[in-house]
Amino acid sequence: MLTSPVVRCIKQQIPGVEVHYLTKHAFLPVAQAIGHTDKIYSIESDISEVINELKNEQYDFVVDLHHNLRSSRVKSALKKKSASFPKLNVEKWLLVNLKINKLPAVHIVDRYFEAVKQLGVTNDGLGLEYHIPATEEIDISSLPSSFKNGYVGFVIGANHYTKQLPTHKIISLCKNIDMRIVLLGGKGDEEKATQIEEAMSDKIYNACGKYSIHGSASLVKQAKKIITHDTGLMHIAAAFRKDIISVWGNTIPAFGMYPYKPGANSHIVEVLGLNCRPCSKIGYKACPKKHFKCMEQIDELQVIKFLKQ
């Protein structure tokens, strides 16, 4: 999702350019949804799956927006001109381990454009992009009738436990929201979603694991507002310019991956002043300190206040 502005600007600003995109197979639907590509290659795990095909393409330039060992292997194998972006791993290490903040106040999308600077490509300022296939748009009439007048989308999951509000906090929040709520997430969120649904009866529509990524994106697009953790659907919500209340646990917005150009009434909710935060630039299966204060101390009233704005 966060690469979509770069892809669009390359395609629109370089006359006659052909753009190919390489990603993991799990992310193929999203790569297709950002548009502006002529061909997409995907791998399950290793570049050996496609490297011979990539060599046959005879590229002029490789834009590396991953900047890791795998993408370095691609560049090495193709032996073409290339550029990446400042990943700032040292600065992130300093912040996580020593709590010294040397990170620039620049979103990662804007840092990505360093990789295409020598091509003369600049940021058009239009934000993220996501195109839902017409066949996967969700008709709101398929939801319970009480949801037809609008709902809040609540993205309850994330890749790591320490990025997620505990279930009891989500239930408490939902009890204080005076709108219908659609729970959003994947199959891995189904158990948590069922617990929330059972606690809230007809106020909740549990969409977790019921739809494809495009179907979930459609429900995000049609929501009045979105409450979300630091996760992929947060960025999809930003692509639709939704008002987003993003809730942050062990990761922090200062890493540069907060919602990019979302709706005007978007807000970030986090617990400031914890000397253990951030404890990781990604996340953990459990709180390393055992107290999980970064999520347990989230101010629910603040979330509700922002939701009403």
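**Exercise 1.** In which sense do strand β6 and β7 pair, and over how many bridges?

*Solution.* Keep in mind that this is a predicted model. Start with β6, residues 180–184: this strand runs parallel to β7, and the pairing covers 3 bridges. Now zoom out: the two strands belong to an open sheet of 6 strands, ordered β7-β6-β5-β8-β9-β10 and paired in parallel. At the edges sit β7 (204–206) and β10 (267–269), each with pairing on one side only. From one strand to the next, the twist averages 20°.

**Exercise 2.** Find the largest cavity and list what lines it.

*Solution.* Searching the whole structure at 30 Å³ or more turns up 1 cavity. The largest cavity holds about 70 Å³ of space. Its lining includes Thr-162, Asn-250, Arg-277, Lys-289 and His-291, along with Cys-276, Cys-279, Cys-287 and Cys-294. Sorted by class, that lining comes to 5 nonpolar, 3 polar and 2 charged residues.

**Exercise 3.** How many disulfides does the count give?

*Solution.* The cut-off is 2.5 Å between cysteine sulfur atoms, and the count is 0 disulfides. Check Cys-276: the nearest cysteine sulfur belongs to Cys-287 and is 6.4 Å away. Next, Cys-279 has its closest cysteine sulfur in Cys-294, at 6.3 Å, so that's too far for a bond.

**Exercise 4.** Is Cys-276 buried or exposed?

*Solution.* Buried means under 20% relative accessible area. Cys-276 has 17%, so it counts as buried. Cys-279, with 21%, is partly exposed.

Technical notes
Residues are numbered from 1 along each chain as its sequence is written. This is a predicted model: local features need pLDDT of at least 70, side-chain atom pairs count only at pLDDT 80 or more; totals for chains, interfaces and linings use all residues. Side-chain values use heavy atoms; hydrogens and water are left out. On a 1 Å grid over the protein atoms alone, a cavity is a set of points where a 1.4 Å probe fits but cannot get out, and a pocket is an open set with protein on both sides within 12 Å along at least five of seven lines; lining residues have an atom within 4 Å of a point. Grid points are joined across faces, edges and corners, and a volume is the space filled by probe spheres set on the points. Ala, Val, Leu, Ile, Met, Phe, Trp, Tyr, Cys and Pro count as nonpolar, Asp, Glu, Lys and Arg as charged, and the others, Gly among them, as polar. Buried means under 20% relative accessible area, exposed over 50%, partly exposed in between (1.4 Å probe, protein chains only). Two strands pair if DSSP finds at least two bridges between them. Helices (H or I, at least four residues) and strands (E, at least two) are DSSP runs, numbered from the N terminus. Axes are lines fitted to C-alpha atoms, for helices over the stretch in contact, and angles run from 0 to 180 degrees between N-to-C directions.
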